[in-house]
Amino acid sequence: MVVVFFLIILIAPILIKEHVSFDAIHNVGAISLYIFFVKALSFKIRIGKGGIILYTSKNEKDIPIELSKGKIRFFEQLFPQLKQKIVIKQMNVFSNIGLSDAKNSAMVAGLFNIVILSAFSVIKKTKKSARFKHVNNVAYNQNKFAFAIYAQAFITLFDIIYSVIMSLLIVRRSEKYESFYNR
């Protein structure tokens, strides 16, 4: 009975919802991650000189983006493996763009629309079941540049564990061969 319970936990899909919004004019945004309808992470973001600054509701945290060489190698192996295993159910992008001039606002909004739809088509090539939606609002006579992304995806705990283990093995093997050839 216990074995069956753990097997079900390993193969049951985990529902992940991601909400990202950013206003480039005011340099403020928000990121939140939900796992099974429970908020796992929630940050306000701002882009500063040193990189991205994350705020919590209690205090300001400056998160450095620098990673060690080993961590970068690990993430370079982990992200493609997770990307391959994740199932995207839907992705919605909402944008509100304006440049105080109707002609320029329409042109920039159209360019943003092309970039988003191109990204959707690249994702759709590998994730056939994904549904995409882009709502583009043009603020013709206002100065705005804000967007929001809502994504819903599934992944199993087994896939996460497998990806982490394989990434660790690949990194260790490559470090072993590098040390052998650098003698």
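**An aromatic cluster around F147**

F22, F112, F145 and F147 form one aromatic cluster in this predicted model, in which local features require pLDDT of at least 70 and side-chain atom pairs count only at pLDDT 80 or more, whereas totals for chains, interfaces and linings use all residues. Residues are numbered from 1 along each chain as its sequence is written, and side-chain values use heavy atoms, with hydrogens and water left out.

The structure holds 7 aromatic pairs, where rings of Phe, Tyr and Trp (its six-membered ring) pair if their centres lie within 6.5 Å, and planes under 30 degrees apart count as stacked, over 60 as edge-to-face and the rest as tilted. The ring centres of F22 and F147 are 6.4 Å apart and the planes meet at 50°, so this pair is tilted. Because F22 belongs to strand β1 (residues 13-23) and F147 to strand β8 (residues 143-156), the pair ties together parts that are 125 residues apart in sequence; helices (H or I, at least four residues) and strands (E, at least two) are DSSP runs, numbered from the N terminus.

F22 has 13% relative accessibility and therefore counts as buried, while F147, at 23%, counts as partly exposed; buried means under 20% relative accessible area, exposed over 50% and partly exposed in between (1.4 Å probe, protein chains only). F147 also forms a tilted aromatic pair with F112, at 6.1 Å centre to centre and 40° between the planes. This pair links distant parts of the chain, with F112 in helix α3 (residues 102-126) and F147 in strand β8, 35 residues apart. F112, at 15% relative accessibility, counts as buried.
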